[in-house]
Amino acid sequence: MRRRAIIARLAPYLALVPVLLFLAVFLYIPVVLDFAYSAHAWNSLSPTWRFVGFGNFRELLHDPLFWQSLRGNVLYAVVSLIVQVALALVLAAVLESGVVGIRLSAFFRVSYFIPSIMPITVIGLLWQILYQPDVGLIDQALHAVGLAALAHAWLGEEATALPAIVAVSQWQWFGYITVLFIVAIRAIPRELYEAAAIDGARAWRSFWHVTVPGVTETTVLMALITIFGAVKVFDIVWVMTGGGPNNASQVLGSYMYRSAFRDDRVGYAAAIAVVMFMICSVVGAAQLYWSRRRAP
Amino acid sequence: MKRRDFNRAAVAAGTAIAAGGWQPGRAAAAEPVTLSFLHKWPEPNNIRFFREAVDAFQKAHPGVTINMEAVADNPYKAKIRVIMASGQIPDIYFTWVGEYTRQFIRAGRVLDITHYMAAPEWQGRFLPATLDAYKTDGKIYGVPVEVDAKFMVYNKKLFAKVGATEPPKDWPAFTALLDKLKGAGVVPIAYGSQLAWATVHYIGDLIAKLVPPETRVADYTLKTPANKLFTDPGYVDALGHYQAFLTHGWFNASPNALTHAAARASFYAGREAMMYQELVEFGGVPGTKLGADGWGFFPMPAIPHGRGRQDLLTGAPDGFVVAPTCKHPDVAMAFLNFLTSQPQGALFTTDTGRPSATIGAVTSANASAATLRGIEDIKHAKGMVLWLDTDVESRVASAFLAGGQALMGTGGTPAGVMAKVRAAALQVQKEQG
């Protein structure tokens with residue numbers, strides 16, 4: 001009996017062990033090691049590591065390319081918050097309001113969602129073609145509607161390369177977040193909308209005073225996911241421009257990759273990774289603090 | 001018997017001979033041998049050649065197992081770094097020549113194979129310029145497999161449009177031709193620099209022509225004193241020559257928005273008059289709108305009064321090195337001996353369409369007349385200017401790569417780019433002590 005009780009007590013912990021081991025090997029230990037790496041100057045061929053303390057971080061402070069990359073992430077985050085969170089919420093509310101018919105609403109939901117299930121490489125190559133100067137669809141469309149002055153070599157100009165990539169990301173994830181908001185909106189009791197309607201609230205007021213408060217938790221979560229995504233973005237940038245031209249579309253992820261695998265400065269790349277980790281941690285902690293304060 | 005089958009039969013017959021100094025019986029009797037082999041040719045045609053070569057060698061040498069792994073060009077750069085850091089170095093692996101290999105040599109990750117290469121079967125096997133690329137301080141560290149060089153390929157029909165019947169002999173004639181083409185409404189040169197490696201092919205060649213060779217070599221190897229490092233005016237001049245292609249309208253518009261492949265497709269469609277291409281790309285030209293005879297090529301013309309070397313070709317061999325940790329270097333060298341034997345070299349060119357570095361392996365039976373002439377040009381060149389991005393330290397290379405794109409946009413100046421190159425070089429030199 002006693003043995004059985006002990007096994008029953010241990011069972012949940014034993015069930016957790018594989019997952020914990022997996023997380024430890026592939027997440028927690030690498031994170032700890034990354035901090036150690038960042039305090040050293042070393043490369044893939046170094047026979048020994050040279051301890052530099054905060055030297056890599058001091059160098060980051062004076063590295064214009066680091067700041068340029070960080071600005072790239074900030075632009076990514078701000079635009080994503082506006083488009084992927086704010087506009088997606090508005091769109092979700094419109095699709096759920098009954099303004100469009102049920103079938104049309106379903107069609108839009110699926111259409112918006114499809115880009116999020118496409119492989120990033122396919123999206124990158126597809127948009128490379130669309131962004132081609134003169135022969136690409138974007139420039140051709142601008143020429144067709146008399147806006148030839150707005151045509152650009154989108155990925156080839158330093159001023160437009162990063163915004164062009166950011167736009168692709170919005171196109172890819174906008175529908176995904178819209179669908180998540182639709183799920184959240186459906187969880188809001190219909191009585192609240194009916195009560196608002198009886199009180200004479202029109203669509204905008206109903207949205208502002210019923211929908212927005214009703215999806216606050218989802219909004220915060222989506223904002224958090226969006227910011228995390230903006231901080232660790234790498235793949236779409238790497239596929240579309242490799243951080244160019246002339247580093248104009250560099251973000252922290254691509255600069256970290258370049259530092260580690262092109263410039264062979266693993267310690268410096270680890271320091272960039274630590275900065276990315278700290279940004280995500282601060283944002284995550286702020287969200288946690290805010291959620292706990294709001295909790296009843 | 002088909003040509004390819006005939007080649008294979010020749011390979012089978014020659015395998016035992018090509019085994020060289022290592023006798024299979026000796027090692028096979030003692031213990032089974034396993035070698036790891038890493039390269040960067042995973043594309044279907046290329047990997048088939050290597051797979052069949054490995055199979056043929058294993059068949060001829062019972063007891064030898066070669067575990068081959070192939071990763072594409074770009075990911076290879078990341079993978080090899082990770083492997084080096086892990087210490088699990090493959091017995092035979094690919095590296096780019098120049099500083100890229102030198103850094104591995106300095107770190108003791110490459111075996112000195114000079115004494116193996118002194119054996120009779122290796123003598124006279126490779127074009128001298130290709131083997132020289134694998135020499136450091138008089139020692140040989142690698143075995144070339146293929147050879148590559150850059151040439152300006154031109155569309156004969158568009159040349160004829162402006163009355164040009166033969167390639168320009170020097171820089172003034174070249175620029176005059178570019179102006180003539182532009183005046184006739186033809187885009188003179190197709191160019192895509194979205195992938196930055198394309199930029200340093202131009203820049204590296206121009207630097208070799210405009211910077212004194214001893215200065216260039218000392219700068220590239222960071223042996224120049226700090227106060228003079230990368231300060232020769234020839235560098236700014238070279239970048240100025242490069243930028244002039246854009247500012248004079250000799251390149252297509254917005255090269256930074258096009259990949260090399262996209263620019264090449266446009267050139268093959270007959271839209272531009274010229275394109276700076278690699279010899280390894282020649283195999284694909286006859287199948288395009290240019291046809292077998294509608295195109296020609298010439299080396300980048302000499303710049304009169306340039307203080308550098310005008311008789312060098314930009315390019316490099318590709319090949320393999322052996323790890324010092326390899327427990328059976330004699331077997332590894334026997335495999336490389338087999339891989340670069342004349343029958344295998346011929347098969348390499350037949351299967352992959354890439355020119356083998358082995359003398360006599362590229363013939364009219366497996367290559368076009370243009371490729372053969374390109375090989376002759378390499379044979380007669382006084383040497384090779386290696387790819388700039390693998391011939392200098394990686395951070396210096398990054399500065400050149402970004403600078404090459406900056407000069408194809410609106411924000412870069414030659415002096416500004418060289419200031420960044422010099423800053424990167426100074427930092428690396430300081431760190432290296």
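With 7 C-beta neighbours inside 10 Å, B:H305 counts as exposed; on this scale, a residue is buried if 20 or more other C-beta atoms lie within 10 Å of its own, exposed if 12 or fewer, and partly exposed in between, with C-beta atoms placed from the backbone. B:H305 has a positive phi of about 70° although it is not a glycine. It lies in the loop between β9 (295–298) and β10 (313–322) of chain B, where helices (H or I, at least four residues) and strands (E, at least two) are DSSP runs numbered from the N terminus. The model is a predicted one, in which local features need pLDDT of at least 70 and side-chain atom pairs count only at pLDDT 80 or more, while totals for chains, interfaces and linings use all residues. Residues are numbered from 1 along each chain as its sequence is written, and chains are lettered from A and ligands numbered from 1 in the order in which they are written.

A:D264 sits in the loop between α12 and α13 of chain A and is buried, with 22 other C-beta atoms within 10 Å. Another backbone feature of chain A is the cis peptide bond from A:G244 to A:P245, with omega near -5°. A:P245 is found in the loop between α11 (235–240) and α12 (252–262) of chain A. For context, most residues other than glycine have a negative phi, and most peptide bonds are trans.

Helix packing in chain A is illustrated by α4 (residues 102–113) and α7 (residues 161–186), which pack at an angle of about 135° with their axes 7 Å apart. Axes here are lines fitted to C-alpha atoms, for helices over the stretch in contact, and angles run from 0 to 180 degrees between N-to-C directions. That makes α4(A) oblique to α7(A), since angles under 35 degrees count as roughly parallel, over 145 as roughly antiparallel, 65 to 115 as roughly perpendicular and the rest as oblique. From α4(A), A:R109, A:Y112 and A:F113 meet residues of α7(A) that include A:F174, A:Y176 and A:I182; contact requires C-beta atoms, placed from the backbone, to lie within 7 Å.

Chain B is divided into domain 1 (3–147 + 317–385) and domain 2 (149–313 + 386–432), with bounds that come from an automatic or database domain assignment. Their C-alpha centres lie 29 Å apart, and 20 residues of domain 1 are in contact with 21 residues of domain 2. On the domain 1 side, the largest share, five residues, comes from α16(B).

The largest nonpolar core holds 172 residues, of which B:I203 and B:F335 touch the most other members. Such a core is a set of buried Ala, Val, Leu, Ile, Met, Phe, Trp, Tyr and Cys residues joined through C-beta atoms within 7 Å. Its largest share, nine residues, comes from helix α13 (residues 266–294) of chain A. Not counting residues up to four places away in sequence, B:I203 touches B:A238, B:L239, B:Y242, B:L388, B:F400 and B:G404. Apart from this core lies another, of 15 residues, among them A:L89, A:L95, A:W173 and A:V215.

Conventions. Two residues are in contact if their C-beta atoms, placed from the backbone, lie within 7 Å.
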